[in-house]
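Hello,

Here is the structure I said I would pass on. My notes follow below it.

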Amino acid sequence: MYNALKFKRQQKQQYQPLENDQPLDNPEEHRGAICLKILEKAKSSISSLSPKSSSSSSSSVSTSPKFKNNNNINNNQDKDKDNRDRDKSPLINRGQQQQIQNASKFKEEEEEVEDSNVILNRQPQSTDRKMKEMLMICIAGGTASGKTTVCEEIIKRLENQRVAVICLDSFYRPLAHEDLENVASYNFDHPDAFDWEYAQKAIKELKSGNKFHIPTYCFKTHTRLQETVAINGIDVIIFEGILSLYSQGIRDQMDIKIFVDTDSDTRLSRRVMRDIAERGRSLEGVLHQYEKFVKPSFDEYILPTKKYADVIIPRGADNVVAIDLIVQHIRSKLNEQDAKKLNANDKVMEND
Ligand SMILES: Nc1ncnc2c1ncn2[C@@H]1O[C@H](COP(=O)(O)OP(=O)(O)O)[C@@H](O)[C@H]1O
Ligand SMILES: Nc1ccn([C@@H]2O[C@H](COP(=O)(O)O)[C@@H](O)[C@H]2O)c(=O)n1
């Protein structure tokens, strides 16, 4: 069986700092940089993991740099594009290790999972990936509202599912040279900062069951990296970001739309703490950016998307009842899909 944690450890060993950049002491700086966020489960079970074995066992998963306490970021600037695209998924952060139980019956599918460093908690349901229905969940909300933390809590509860988290941050437009020179004046919270066409294409392809190479983004350098993360063979995709409910084309692909609603004072104080501690920002810089761009854009563009949400979570991850209800709903949706597939298979067999 594929042991994602082991794979991630190898990634860590391969880590090389970006050119013209400081070594990444803190992966949070690359949060969102790496589009695919997957959670690793309890450290305690790491020691019991075994690499590819035929029996049912557990394994950990990789996460994106948004998740703290891990340093498995691989930004190996390999010259070989093919290798690059084979996802040395630069991820890993705070999170939980996920139990993996995939008897490796569907080898090809398993390899895809290996490619994408995706949580794999259960055996694939179908060998026909095109037939695969994927559950798409969108989590929007202001900066530091707890979107990532809510993702973690959902994934923690979704045992036996393969879950990938994609950050809207991955689709930030590359900055022009002048903007990079004067980055403090750039509005990262305006819708125009994102490449919506690209994001929509990714969501559409994944929803259709196709493999997609998600771009990666570096918060520290404000640039898109050359690495991509391939995603395929997943049960649940969570698309997370401040404006993830902004585009109608993307909203229309979503099965569940969530808005994390956290009081703005709490968000500001968390952002200050986080950006100083984890993104290398100064207090002055965070406050200036917040006042000039973050707050006005929240009021004008982010908050108005709340009306599109099916579920609003007040207090973010503190709201255990809301998270439990959401997870129950996800489970029942996945069960419905499985039942549909079984029905379809039965019909095919009857006709044979
Ligand atoms: N319920 C909570 N209680 C305390 N701290 C929290 C809570 N939720 C999130 N945080 C902290 O606030 C910061 C931002 O949370 P995060 O989940 O990354 O928000 P977002 O993804 O919306 O930017 C992080 O440092 C996180 O640890
Ligand atoms: N190069 C960048 C890109 C984005 N930001 C800020 O990140 C915020 C979104 O991330 P959250 O985890 O807080 O949802 C957004 O408000 C941007 O201001 C940045 O500082 N630098």
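Helices are DSSP runs of H or I with at least four residues, and they are numbered from the N terminus. Please keep in mind that this is a predicted model.

Ligand 1

The helix that gives the most to the shell around ligand 1 is α4, with 3 residues. Both α4 (147-157) and α8 supply at least two residues of that shell. There are 13 residues around ligand 1, and those that come nearest are Gly-146, Lys-147, Thr-148, Thr-149 and Arg-270. Sorted by class, the shell has 7 polar, 4 charged and 2 nonpolar residues.

Helices α8 and α9

Helix α8 covers residues 264-278 and α9 covers residues 283-302; their axes come within 9 Å and cross at roughly 135 degrees. The crossing of α8 past α9 is right-handed. On the α8 side the contact is made by Leu-268, Arg-271, Val-272, Asp-275 and Ile-276, and on the α9 side by Leu-283, Val-286 and Tyr-290. This contact has 6 nonpolar and 2 charged residues, and no polar ones.

Leu-175

Leu-175 sits in the loop that runs between β3 (163-167) and α5 (177-181). With 18 other C-beta atoms within 10 Å, Leu-175 is partly exposed. Apart from neighbours within four places in sequence, its contacts are Leu-180, Tyr-186, His-222 and Thr-223. Leu-245 lies 70 residues from Leu-175 along the chain, and 23 Å separates their C-alpha atoms.

Regards

Technical notes:
Residues are numbered from 1 along each chain as its sequence is written. Chains are lettered from A and ligands numbered from 1 in the order in which they are written. This is a predicted model: local features need pLDDT of at least 70, side-chain atom pairs count only at pLDDT 80 or more; totals for chains, interfaces and linings use all residues. Axes are lines fitted to C-alpha atoms, for helices over the stretch in contact, and angles run from 0 to 180 degrees between N-to-C directions. A crossing is left-handed if the near helix is turned anticlockwise from the far one by less than a right angle, and right-handed if clockwise. Two residues are in contact if their C-beta atoms, placed from the backbone, lie within 7 Å. Ala, Val, Leu, Ile, Met, Phe, Trp, Tyr, Cys and Pro count as nonpolar, Asp, Glu, Lys and Arg as charged, and the others, Gly among them, as polar. A residue is buried if 20 or more other C-beta atoms lie within 10 Å of its own, exposed if 12 or fewer, and partly exposed in between; C-beta atoms are placed from the backbone. A residue is near a molecule or strand if its C-beta atom, placed from the backbone, lies within 6 Å of it.
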